[in-house]
Amino acid sequence: MFPLSLNGMGAVEWNPLMLVAAFLLIAVIVVLIRMMGPKGAVFKKFRVQPFLSGNKASEKNIVHADNFFWGFTEAFKKYYEKMFNIHSGQLNDYLFWFVFSLALVLIALYAGVYLWA
Amino acid sequence: MIEALMQNLPFVVSALLFVIGLYALLFKSNLIKMAIGLSIMGSAVNIFLIALGYKENSIAPIFTNAPINGSINAAKMAMPIPQALTLTSIVISLAVTALMLSLAVVVYRHCGSLNASKAWRLKK
Amino acid sequence: MINEIALHSPALAIAIPLVFAFLLPLLKKWKKLAALMALIGFGAAETMAVLVFKSVLTEGIKVYVMGASSIGQTTPPFMPVPVRIILEIDAFSALMGLAGATIALLAAIYSIKFIKESHVKYYSLLLLMLAGLLGFVFTGDLFNLFVFFEVLSISSIGLIAFWLKRSEAVEAGFKYLTISAVASLFVLFAIGLLYGEHGILNIATISRDMLFYGFAFTDIIALGLLVCAFAMKCGTAPMHFWVPDAYGEAPAAVTAVLAIASLSSVYALLRIAFTVFGPLPHTEIIAYAVIIMGAISLFVGATMSLVQKDLKRLIAYAGVSQTGFILVAFGVGLVAINNVPLQAFGLRAMQGGLFHLINHAFYEALLFLVAGAIIYRAGTKDLNELGGLARQMPLTAVFFLIGAISIAGLPPSNGFASKILIYESIYFFSPLLAVIALISSVIVVVPMVKAFCSAFLGPEIKKFKSVKEVPGSMILAMLVLSIIVIFFGLFPGIMLESIVNPAVNALLNQAAYVGGVL
């Protein structure tokens, strides 16, 4: 029993077994459809050749990890520049952030307990 | 004001030492200086703990010296628990300092410099 | 005999790894025997953790007093306060201990082949780390908490800087050492403050004191110090910078144990917030602080993970984001538990958080072990160089896929089951928080896709043509972890009822924890 909803929208239950069963069913259908193709296409040539934009991918012709999701990192360039500045790798900065957050938490505690109450 | 300061002198000293140690950790990039700062901070906490257990005119909390239960002297023993804490904490801070210095030696062998900004390569 | 062992299992769980850790150096000449001894030690510790867990689940809180004439004698005669060394184990700490012992055992099995030199040193440090971890979660005493915290971090430094020839490893060790030493000094300072106020170090007694007499000014400061120090040690933004350094450079099997060690800091944070200080209105501020830190780490961890090119750093940043999930969930729980209309959601959030904590421990360990397998065979963890490894290492690729699906929280996995509990409950607290959590969870899919594609898929690369599948012991460790992950994913209902709910109830039931000792 793994309930999914809280606000009385009916007792929806999360059942992963059903999802796995559905997944297997779809997988079987996919294999069946592929079996309708040329003989041996499923089990013998199962390890298909990798392609990149229609060209055969080779060692010289692949997308490196740095270039993955280039659009995303380009769009968030300013954010990432700031983040790289903060992640400077300097131990002093690590400790500075600790002291900084400690100060914030202590001030918040003091204000919350003694000034507002 | 000054009287209150004098009464709480151990606490003031420990706070000062703590801040000095923290300063070294935050603003010095030399690895040995950081180790020194850390051990100063450790001493500050030790002084704080010892000062917690101090009573005026008290005797050392050793079992064979213990005054008989119920006599006036019973209240005169210093608190033993902070001293036990401090002993443990001294041992631990010794281990930390030794480990830190030996790692600094290895860093120096690798990079030829104790300056953190030159030695550190991991970032981002 | 068996009853005796079960009776003393809390002490034995800490003592066995400790004794084995110091016995191993004697066997330095017989390397295979030493490795065997170490495995026996891990197995025995695991058995003890299972025994503790079983007895806690059936009998409730287990209290073990060291040096008393009987185990349950918490207060000495003629003295109203507990001054002895007391282990107090409720369902939450037993669960953490069990998870820690399991992951350490699997890491030890994995290391048989993975570590090629100085087995003896490695295994003694790993055993010491396990002893520190078990002591840290089992103790009922603030000062022992500090001592085991130090044992845990000092032994893990030895393991992070295990490959002294790599300058990065030494650097990561130095950074982790400084961070953890500063954190534990602040913890000790806070413990001193609490001692000065209450005159006792026992968690239960301090907790009762605060229930009766309320907070003092120094208690508030101690709360802030403890929460911040433990938050730094569990890798919460903006204090997460050491996480990728340490996780990235430690040997892979160590990283898996290091991840659960960080999660035990989450345990300590919750123990302080829920049990020592209790869900009183004043701790609400701490709850908000924890929520904010958690939300920042959710987003920062996910986005920073996306741009990494080092496989282990990538996983480490994704882990930071998952720690954010746990903290957000527990923060919401801490706020909502006092707030009667929100109480049901608070409980649900805490269930989700605790379930996620356990899931996170296991899939993070699995992912790091897979990264270690890649390093072991391909010799690099740079994603730009890797490629096409699924041809040579099909099993490893499947294990990585299981871990990646879990950490990304895709539907049939355990990560999804715990995250859905968190989403639906924090939505009622604040929709914005739920949106941040959802977006970060989506972003975490991206680095996992990137890592899988660039390490396992793509054309064959000449350099890695001779790469083989990893040896059997490493496969075994990864297989067991993935079975655990899959089981958690397929039967979340059973896990929720049998493991998570007792732990959440134990965490919320402050009176029972106090009553265990007094």
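In what order do the elements of chain A run from the N terminus on?

**Figure 1. Chain A, element by element.** From the N terminus on, the order in chain A is α-β-β-α-α-α. That gives four helices and two strands. Chain A has 117 residues, and 9% of them are buried. Its mean pLDDT is 82, with 81% of the residues of chain A at 70 or more. Among the elements of chain A, helix H3 (residues 77-86) has the highest mean pLDDT, 93, while strand E1 (residues 51-52) has the lowest, 78. A word of care for any close-up: where pLDDT is low, the predicted coordinates should not be read in detail.

**Figure 2. Where chain C meets chain A.** How many residues does each chain bring to this contact? Chain C brings 47 residues and chain A brings 36 residues. On the side of chain C that touches chain A, the elements that each supply at least two residues include helix H7 (167-198), helix H9 (217-233), helix H12 (283-306) and H14 of chain C. Helix H16 (414-429), helix H17 (431-456), helix H18 (472-490) and helix H19 (492-508) of chain C are also among them. H9(C) provides the largest share of that side, seven residues. By residue class, the side of chain C that touches chain A has 31 nonpolar, 10 polar and six charged residues. For the complex, the predictor gives an ipTM of 0.93 and a pTM of 0.94.

Figure 3. Chain B holds five helices and zero strands, so to read along its sequence is to follow α-α-α-α-α. Of its 124 residues, 27% count as buried. Take the contacts in chain B between residues at least 6 apart in sequence: 54% of these join residues at least 24 apart. In the contact with chain C, 29 residues of chain B meet 26 residues of chain C. Helix H3 (31-52) and helix H4 (80-111) of chain B are the elements that give two or more residues to the side of chain B that touches chain C. H4(B) gives the most to that side, with 15 residues. The side of chain B that touches chain C is made up of 24 nonpolar residues, four polar and one charged.

**Figure 4. A close look at B:Asn46.** Is B:Asn46 buried or exposed? B:Asn46 counts as buried because 21 C-beta neighbours lie inside 10 Å. This residue sits in helix H3 of chain B. Leaving aside residues up to four places away in sequence, B:Asn46 touches B:Thr86, B:Ser89 and B:Ile90. B:Pro82 is 36 residues from B:Asn46 in sequence, yet the two are 9.0 Å apart in space, C-alpha to C-alpha.

**Figure 5. H4 and H19 of chain C.** Two packed helices are described by the angle between their axes and the distance between the axes. Here, helix H4 (residues 91-114) of chain C packs with H19(C) at an angle of about 130 degrees, and the axes are 7 Å apart. H4(C) is therefore oblique to H19(C). From H4(C), the residues in the contact are C:Ala91, C:Phe92 and C:Leu95. They meet C:Ile499, C:Pro502, C:Ala503, C:Ala506 and C:Leu507 in H19(C). The contact of H4(C) with H19(C) counts eight nonpolar residues, no polar and no charged.

**Figure 6. The largest nonpolar core and C:Leu366.** Which residues touch the most other members of the largest nonpolar core? They are C:Val227, C:Leu366 and C:Leu369, in a core of 275 residues. H14(C) contributes the largest share of this core, 21 residues. Beyond residues up to four places away in sequence, C:Leu366 touches C:Phe399, C:Ile402, C:Gly403, C:Met478, C:Leu481, C:Ser482 and C:Val485. The mean pLDDT of chain C is 91, and 99% of its residues reach 70 or more.

**Figure 7. C:Gln343 in helix H14.** C:Gln343 belongs to helix H14 (residues 343-378) of chain C. C:Gln343 is partly exposed because 13 other C-beta atoms lie within 10 Å. Not counting residues up to four places away in sequence, C:Gln343 touches C:Ala336 and C:Ile337. C:Gly333 is 10 residues from C:Gln343 in sequence and 8.1 Å from C:Gln343 in space, C-alpha to C-alpha.

Technical notes:
Residues numbered from 1 in each chain as written. Chains lettered and ligands numbered in written order. Predicted model: local features only at pLDDT ≥ 70, side-chain atom pairs only at ≥ 80, totals over all residues. Buried ≥ 20, exposed ≤ 12 C-beta atoms within 10 Å, placed from the backbone. pLDDT = per-residue confidence, 0-100. Contact = placed C-beta atoms within 7 Å. Nonpolar A, V, L, I, M, F, W, Y, C, P; charged D, E, K, R; others polar. Axes fitted to C-alpha atoms, helices over the stretch in contact; angles between N-to-C directions. Parallel < 35°, antiparallel > 145°, perpendicular 65-115°, else oblique. Core = buried A, V, L, I, M, F, W, Y, C linked by C-beta atoms within 7 Å.
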